[in-house]
Amino acid sequence: GLMIGVETRFDVYNILMGCMDKGVLVLDAGRNVVRFLPPLVITQEQIDKVIETLDEVLEQQTDE
């Protein structure tokens, strides 16, 4: 499989919880890294959902 990590300058716990609340499971790889483990059979629709959800959750983080 393919693992993708996104390093941030902040703790990612709230991002993980925000995504989970919206039905998207992402993991961490340390306090400031969001880890994605997409299956090889992921669809474009699923990819779009993850990106849209992550965008919404990140916007909420910057508003707080």
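Predicted model: local features only at pLDDT ≥ 70, side-chain atom pairs only at ≥ 80, totals over all residues.
Let's start with a pair of helices. Helix α1, residues 13-21, packs against helix α2, residues 44-63, at an angle of about 130°, and their axes lie 9 Å apart. The two helices are therefore oblique to each other. As for handedness, α1 passes α2 in a right-handed crossing. On the α1 side, the contact is made by N14, I15, G18 and C19; α2 contributes T53, L54, V57, L58 and Q61. Sorted by class, this contact has five nonpolar residues, four polar ones and no charged ones.

Now look at the nonpolar interior. In soluble globular proteins, nonpolar side chains tend to be buried together. Here the largest nonpolar core has 10 residues: V12, I15, L16, C19, V24, V26, V34, F36, L54 and V57. The elements giving two or more residues to this core are α1, α2 and β3, which spans 33-36. Helix α1 gives the most, with three residues.

Leaving aside residues up to four places away in sequence, V34 touches I4, G5, V6, V12, I15, V26 and L27.

Finally, back to α2, where D55 is found. D55 and C19 are 36 residues apart in sequence, and their C-alpha atoms are 9.7 Å apart in space.

Methods:
Residues numbered from 1 in each chain as written. Heavy atoms only, no water. Axes fitted to C-alpha atoms, helices over the stretch in contact; angles between N-to-C directions. Helix = DSSP H or I, 4+ residues; strand = E, 2+ residues; numbered from the N terminus. Parallel < 35°, antiparallel > 145°, perpendicular 65-115°, else oblique. Left-handed = near helix turned anticlockwise from the far one by under 90°. Contact = heavy atoms within 4.5 Å. Nonpolar A, V, L, I, M, F, W, Y, C, P; charged D, E, K, R; others polar. Core = buried A, V, L, I, M, F, W, Y, C linked by side-chain atoms within 4.5 Å. Buried < 20%, exposed > 50% of the residue type's maximum accessible area, 1.4 Å probe, protein only.
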